[in-house]
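Hi,

Here is the model I promised to pass on.

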Amino acid sequence: MLQGKAMLIDMHTHTRYGSNCSYADPADLVRRAKQVGLDGVCITEHELCWEEPALSRLSQEQGLPVFGGVEVETDWGPVLAFGIREPLWGVVSARELRRLVDASQGFMVACHPFRGDATYTTEPSLDEICARPIFGVVDAVEVFNGSSHRRELELGLQAMSRLGMKGVAGSDCHAVHTVGQCATRLQRPVATEADLLAELRAGRFDAVHVRLGLTY
């Protein structure tokens, strides 16, 4: 493990090379991350993870740590998984994903689980939100997402306070200009995926909404 200051990492980004909903070129994304003061970035495409040599090459070319992850659409909602290298096209069960993450000694995050909770016509109760089964199988919750509006953030913070769970943050960027709006602050610097996973599993992190100046 490196010694030194904390690191601010955007834990949730997409590129046009692995997510057909994204407009972001990988090199442009990482350059933008450097420009806005991030210390690293995780590329979390839908259903698949970049191969390690490609991540290493991008990191070396741009001079910023780049880590891999994957966003998986499960039966209990979308999940960010870290530490898994195999494609996850056929995995739809959150419990099965939990098994794969455990086998890889990885880390599992409920991905923007409060999205859609606050609308003009209806809003679930806090009891209903906290009773969702996804919170029983993940290690942490994405409490700040760059696409979340104010009321969604408020509900999420209330739920997190009641659940007593750790929170991460990511921009969920699909365009370069949104990189770094939300990020996860690690208490210790990391240089490798193993370092990152160790810090996440140890709970040495908090969530930062950079644009709004919020921390959880």
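To start with, how many bridges join β5 to strand β6? Two, and the strands run parallel. Ala110 stands opposite Val141 in β6. Strands here are DSSP runs of E with at least two residues, helices are runs of H or I with at least four, and both are numbered from the N terminus. Two strands count as paired if DSSP finds at least two bridges between them.

Before the rest, some housekeeping. This is a predicted model, in which local features need pLDDT of at least 70 and side-chain atom pairs count only at pLDDT 80 or more, while totals for chains, interfaces and linings use all residues. Residues are numbered from 1 along each chain as its sequence is written, and side-chain values use heavy atoms, with hydrogens and water left out.

**The sheet**

β5 and β6 belong to an open sheet of ten strands with mixed pairing, in the order β7-β6-β5-β4-β3-β2-β1-β8-β9-β10. The edges are β7 (167-170) and β10 (214-215), each with a single partner strand, so one side of each has no neighbour in the sheet.

Val70 is the residue opposite Ala81 in β4. Strand β4 (residues 77-82) is mostly covered, with six of its six residues buried; buried means under 20% relative accessible area, exposed over 50% and partly exposed in between (1.4 Å probe, protein chains only).

Helix α2 lies across β2 and β3 (66-74), and runs at about 135 degrees to β3. For that angle, axes are lines fitted to C-alpha atoms, for helices over the stretch in contact, and angles run from 0 to 180 degrees between N-to-C directions.

**Around Phe205**

The structure holds two aromatic pairs. In one of them, the ring centres of Phe107 and Phe205 are 6.1 Å apart and the planes are at 90 degrees, so the pair is edge-to-face. (Rings of Phe, Tyr and Trp, the last by its six-membered ring, pair if their centres lie within 6.5 Å; planes under 30 degrees apart are stacked, over 60 edge-to-face and the rest tilted.) Phe107 lies in β5 (residues 107-110) and Phe205 in β9 (residues 205-209), so the pair ties together parts that are 98 residues apart in sequence. Both Phe107 and Phe205 are buried.

Lys166 lies over the face of Phe205, at 4.8 Å from the ring centre. That label needs NZ of Lys or CZ of Arg within 6 Å of the ring centre and within 35 degrees of the ring normal.

Phe205 is also among the contacts of Thr184 (heavy atoms within 4.5 Å), including Met7, Leu8 and Val168, leaving aside neighbours within four places in sequence. Thr184 sits in β8 (residues 182-186) and counts as buried because its relative accessibility is 0%. Its side chain reaches the backbone nitrogen of Ala169 at 2.8 Å.

**Two loop residues to look at**

Glu47 has a phi near 70 degrees, positive in a residue other than glycine. Glu47 lies in the loop between β2 (40-46) and α2 (52-62), and at 14% relative accessibility counts as buried.

His112 is not a glycine either, yet has a positive phi of about 30 degrees. His112 is in the loop between β5 and α4 (126-130) and is buried, with a relative accessible area of 12%.

Cheers

Conventions
Polar contact = N/O pair within 3.5 Å; in protein donor to acceptor, adjacent residues only side chain to side chain.
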